[in-house]
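The stops below are to be taken in order.

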Amino acid sequence: MPEADEADDEEEMPLSLRLSIADTLTLGNATCGFMAVYFTTTGILIPHLTGSQESGMARHSAATAVILMLCAAVFDLFDGLVARKLRSSPMGAELDNLSDLISFGLAPAYFVLVYGMVADDAHQRMAALGAIVVLLAVVLRLARFSCVTPRDGVFQGMPSPFGALTVVSIVLLELPFVATLLAILGTAWLMVSRVEYPKPRGRLAVAMLSWIVLSMGLLAAWAFDAPSGQLLLQTGCALQLVMGAVIPLFATARRVNNFRDNRREARAAQLP
C-alpha cells in the first residue's frame, strides 16, 4: 500500500506543475521585461560608453524597450482575465509576482539608471538612487499584494504596470533633472501608498488596452522620426502623468465624500 501511494504521488506531481494558458502569458510578460533591459543596454548604454554618435539608434532602442514594457502590461492584463475564465496552475500567483518584478520593477529602474548615465544634465548617483527607490517600491508593493486582501474591485497603491509606464513617461518627457527625479520619487511613493486604484475590468480594461495601443503608435512615430513625432510622444507622456496624478485625487475625494456621508447617516440615526 505505501508503494502504491508513492506511485500515485509521482503521477500527480507533474499535473500540479503543468503550465496553464495564463501561466504562458505570464512568462511572456517576463520575457518582454528582460528584452526591454537588453535593448536599453545594447541600444542606449553601450553606444554611449563607446562614444557612438548615432542618436537614431538610441531613439529606436528606447522606443523598443518601452514598447516591450507596454507588451508586458498587455500580457499582465490578459493573464489575469484568462486565469479567471479558465484555470491557473498553483504556480500562477508566484509566476505573476516574479514576472511583474522583472517587467515593472527591474526594467523601468534600469531605464532610469541608464538615463542618469547618458543624459547631459543628469546626475548619475542621484539617478541611481531614484532607480533603487523605484525597484524597492515595486518589491514592497508586490509583497504587500501577496499578503493583503483589498476591497473587491480596487488595488491598494498604484499598480506596478501603471507605475512603470509612468516612470518611463517621466524620463521620455526630458524635463529638467530635478523635476524628473522628484516625479519619479512621487510615482514610487504612490505605488506603496494606500491610495485605491480601480482594477482594469470590463470597459476599463478595454480603455487600458486602447491606451497601450495608442502609446505604441506614438512611440513608433517618435522612433522613426515621423513629422511631429516628438510632439506626439510628449503629449502621450504628459497624459500618462496627468492620469497618474488625477486618479489618486479622485480616489481621495471619493473617500472623503464617503466619510462625510457616513457621518451624516450616523448623526441622522442618533436624532430622535
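The model is predicted: local features need pLDDT of at least 70 and side-chain atom pairs count only at pLDDT 80 or more, while totals for chains, interfaces and linings use all residues. Residues are numbered from 1 along each chain as its sequence is written, and side-chain values use heavy atoms, with hydrogens and water left out.

**Annotated segments.** Select residues 62-81, one of the ranges that UniProt, in an unreviewed entry, labels "transmembrane region"; such annotations may be inferred rather than shown by experiment. This stretch is 100% helix, and its end C-alpha atoms lie 29 Å apart. Next select 126-143, also among the UniProt ranges; here too the chain is 100% helix, with 26 Å between the end C-alpha atoms. Helices are DSSP runs (H or I, at least four residues), numbered from the N terminus.

Now select Met69, Phe111, Leu172, Ile184, Leu219 and Trp222, the residues with the most contacts inside the largest nonpolar core, which has 43 residues. A nonpolar core is a set of buried Ala, Val, Leu, Ile, Met, Phe, Trp, Tyr and Cys residues joined through side-chain atoms within 4.5 Å; buried means under 20% relative accessible area (1.4 Å probe, protein chains only). Helices supplying at least two residues each include H2 (21-49) and H3 (55-85), and H3 gives the largest share, nine residues. A second, separate core of eleven residues includes Phe155 and Met191.

**A single residue.** Finally, select Thr26 in helix H2. Thr26 is buried, with a relative accessible area of 3%. Beyond its neighbours within four places in sequence, Thr26 is in contact (heavy atoms within 4.5 Å) with Asp79, Leu95, Asp96 and Ser99.

Conventions:
Buried < 20%, exposed > 50% of the residue type's maximum accessible area, 1.4 Å probe, protein only.
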